[in-house]
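Hi,

Here is the structure I promised to pass on to you. Have a look at it first, and then read on for what turned up.

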Amino acid sequence: PPFFFKTFALFHPRSTMEIGTDAILLSRWVEVNADDEVLDIGTGCGLIPLMLSQKGIKNADAVEIDGDSCEEAVQNFRNSAWNSRLFAIHADIKSYSETCGKKYDLIVSNPPFFFGDNVPQKAKKGLARHTNTLSYNDLLSSVKRMLKPNGRFALVLPALEARTFLKEAENQGFYLKKEMKIVPIEGKEPNRINMQLVVNQVDRAESEAFVLRYADHSFTKEYKDFLKDFYLD
């Protein structure tokens with residue numbers, strides 16, 4: 001069955017990337033402008049471009065290496081109110097960045113983040129979530145090639161991976177502009193970090209913490225308020 005949001009529905013049975021909190025929180029958190037031309041790297045079933053479209057952007061290209069996921073994104077875009085502004089592209093991001101000849105205001109990604117032995121059993125899921133297919137270095141150089149001079153790059157990573165990624169990003173001339181540290185349960189350490197990077201120097205990054213659940217595992221008021229424009233209940 002489709003997953004229903006307030007203004008669109010998503011089918012995701014064939015996608016390597018099923019709908020998850022990481023992508024939803026990233027899409028809600030990232031700032032958009034009405035004239036933004038957006039690229040989503042590794043779109044899965046197309047969730048991020050659809051959420052950003054609801055917030056108001058000019059258009060979005062969504063690149064996906066897995067054929068089934070890409071077909072699903074095409075279908076989800078076609079069924080949406082923004083079908084003339086959303087384009088799914090079956091490609092790997094390295095080749096796309098070298099051949100597309102386009103520059104974007106905003107590039108977004110919920111990228112692969114499994115390392116070493118921590119690989120999922122399903123090979124397809126492994127392709128979507130395993131960094132062997134896309135190193136942070138490749139991701140960053142692809143982004144740099146396609147980002148407008150004043151563009152923004154937003155992504156979500158596990159807290160530990162985020163540190164490694166930021167070092168790599170700094171080496172490639174990116175600066176952290178803002179971050180949201182996502183705390184799974186009140187009182188715990190953050191386990192995910194939303195980051196926004198730019199290529200113009202930033203004196204000090206803005207940082208905020210966001211708590212998903214209270215100690216009894218119920219969702220926080222903050223979480224419910226944050227997503228009220230998207231979730232049905």
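A quick word on pairing before the rest: two strands count as paired if DSSP finds at least two bridges between them. By that rule β7 and β9 are partners, running antiparallel with six bridges between them. Within this pair, P158 sits opposite R192 of β9. Please keep in mind that this is a predicted model.

**The sheet**

β7 and β9 belong to an open sheet of eight strands, whose order is β5-β4-β3-β6-β7-β9-β8-β10. The pairing in this sheet is mixed. At the edges you will find β5 (86-90) and β10 (206-213); each has a single partner strand, so one side of each has no neighbour in the sheet. From one strand to the next, the twist averages 15°.

Strand β6 (residues 104-109) pairs with β7 in the parallel sense over five bridges, and L106 has R152 in β7 as its bridge partner.

How enclosed is β7? Nine of its 12 residues are buried, meaning under 20% relative accessible area, so β7 is largely enclosed by the rest of the structure. As background for when you look at the strands, side chains in a regular strand alternate between the two faces of the sheet.

**Helices on the sheet**

Helix α3 (residues 67-78) lies across β4 and β5, at about 170° to β5.

**A helix pair**

Helix α1 (residues 21-29) packs with helix α2 (residues 47-55) at an angle of about 30°, and their axes are 9 Å apart. Because angles under 35 degrees count as roughly parallel, α1 is roughly parallel to α2. Their crossing is right-handed.

Which residues make the contact between α1 and α2? On the α1 side they are A23, I24, L26, S27, R28 and W29, and α2 contributes L47, I48, M51, L52 and K55. Sorted by type, the residues of this contact are eight nonpolar, one polar and two charged.

Happy to talk any of this over once you have had a look.

Best wishes

Notes: Residues numbered from 1 in each chain as written. Predicted model: local features only at pLDDT ≥ 70, side-chain atom pairs only at ≥ 80, totals over all residues. Heavy atoms only, no water. Axes fitted to C-alpha atoms, helices over the stretch in contact; angles between N-to-C directions. Helix = DSSP H or I, 4+ residues; strand = E, 2+ residues; numbered from the N terminus. Parallel < 35°, antiparallel > 145°, perpendicular 65-115°, else oblique. Left-handed = near helix turned anticlockwise from the far one by under 90°. Contact = heavy atoms within 4.5 Å. Nonpolar A, V, L, I, M, F, W, Y, C, P; charged D, E, K, R; others polar. Buried < 20%, exposed > 50% of the residue type's maximum accessible area, 1.4 Å probe, protein only.
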